[in-house]
Amino acid sequence: MSNRKFSCRTLLSIPLLIFSLSVFAQDASVQNGEKIFKANCLSCHKVDKKVIGPALVGSEQRWVQAGDFSGLTGKQWLYRWIRNSQEVVREGYPYAVNMFNDYNKSVMTAFPLLTDDDIRDVLAYVEKAALESPQVVAPGPGGAVPGSEDTSTTQLFLYLLIGLLVGVVLILGKITSALSRMALQKQGLPIPEAVPFYRDKKIIVTLSLILLIYIGYATVNSAIDLGRQQGYAPEQPIKYSHELHAGLNQINCQYCHSSAENSKHSNIPSANVCMNCHKGIRGDDPVNGKYGRAEIAKIYASLGYDPNTLSYIPNYERMPVDKARELYTQWLKEDENRKYTKNDIEEVLSFIQKPIEWVRVHNLPDHVYFNHSQHVTVAGLECQTCHGPVEEMEVLYQHAPLSMGWCITCHRESEVNFTTNDYYRDYHKLHEDLKSGKISRVTVETIGGTECQKCHY
């Protein structure tokens, strides 16, 4: 009888085991897809929104619906597109050709080392992420990103844990004291006078130890985050919207931050770069001119540009301030689309003959070496890889933690475009290992990207 029960239980447990293994396998596939997506795709694509490339959710279905061509299914063409988009365009698959033309003939990075399983995992992750994707909310001026609460959640958990430990210590202290008194009473020994918990040496020592651990944690954590708080969104002297410029008007990041591709630092654009467009764009457009003329007038007042004559004021630094104040005040009052308060006008006038002092958002400790050109020009990374979806930011904020762990994770997971990039042609041993099949891919870590001296002086 017992053997029958055992057999029945065993038979009943088999489907459950198979289901569990299936779920585990699916989770592993999605996790693998997430790693590949974040390492290779995130710089140009979002799951559910168009960025540099199209939104990826539903992409497999769209290619399948595009139909067969030259003996291959739409799905097979999709897999070939991901590995080498230009090869698919050259072979004339209509859906690929149309998409290539729709995106201004921008060439998608080739990923020849991705297997069918890798691509399947990425597509599985995309569909899962689309279902679970929370609504993205822009940060408020001078504040952190609403909804980006990882840090605050961790701190809340830490506080609760400390409170729990303190409670446990107090309860255990009470129990220990009671048990000691009972033992003494049973033995007929004198019972010492009860000591309040706040005078109990054991409790004081324990609480002091907990407090010391917390102070150490808070000190180290604060030192690590010094100058680069995730979600940091300072209020700038001019309300510059990346959403308007990089998103709606699709201005390339490197048009303004031109030194990112050939220098260690990415420059803050000079006001003259702004004037390349704003000699003619004066904030009068009711669609694009969210703030009217006021914000652009700050640039004019700083540089000495006369919006009435559309020319720079000669010897502006010698111009009487009262005369400059009259010029810009009158121009603001003539705005037919918007009325400005006295404070609005005074804020503009405070820029007369003064430089624009932008507030730095992204910062790294002095002992950390980071080279923009190495990442932008050599590695071919998009700005969004580190800076997040800047084209959606009304107020620019620090998207990534910029911690050492974050950088190391990226270097461990990011695959190097090793075979087609001449920058890596002298890595003869690695090229031989790739050809022989000894290794399947080269990551930044493989070429020394996690060595201490690469990032620290």
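Me: Where is Gln250 found?
Reply: Gln250 is found in the loop between α9 (242–248) and α10 (253–256), where helices are DSSP runs of H or I with at least four residues, numbered from the N terminus. This is a predicted model, in which local features need pLDDT of at least 70, side-chain atom pairs count only at pLDDT 80 or more, and totals for chains, interfaces and linings use all residues. Residues are numbered from 1 along each chain as its sequence is written, and side-chain values use heavy atoms, with hydrogens and water left out.

Me: What about the phi of Gln250?
Reply: Gln250 is not a glycine, yet its phi is positive, at about 55°. Most residues other than glycine have a negative phi.

Me: Buried or exposed, that Gln250?
Reply: Gln250 has a relative accessible area of 58% and is therefore exposed (buried is under 20%, exposed over 50%, partly exposed in between, with a 1.4 Å probe and protein chains only).

Me: And Ser70, what is its phi?
Reply: Ser70, which is not a glycine either, has a positive phi of about 50°; Ser70 sits in the loop between α2 and α3 (74–83), and counts as exposed at 63% relative accessibility.

Me: Switching to helices, at what angle do α2 and α5 pack?
Reply: Helix α2 (residues 59–66) and helix α5 (residues 94–102) pack at about 125° with axes 9 Å apart, the axes being lines fitted to C-alpha atoms over the stretch in contact, and angles running from 0 to 180 degrees between N-to-C directions. That makes α2 oblique to α5, since under 35 degrees counts as roughly parallel, over 145 as roughly antiparallel, 65 to 115 as roughly perpendicular and the rest as oblique.

Me: Which residues make the contact?
Reply: Arg62, Trp63 and Ala66 contribute from α2, and Tyr95, Ala96 and Met99 from α5, with contact meaning heavy atoms within 4.5 Å.

Me: How many salt bridges does the whole structure have?
Reply: A search of the whole structure finds 15, and Lys239, Glu295, Lys298 and Glu347 are linked in a network of them.

How values were computed:
Helix = DSSP H or I, 4+ residues; strand = E, 2+ residues; numbered from the N terminus. Salt bridge = Lys/Arg side-chain N within 4 Å of Asp/Glu carboxyl O.
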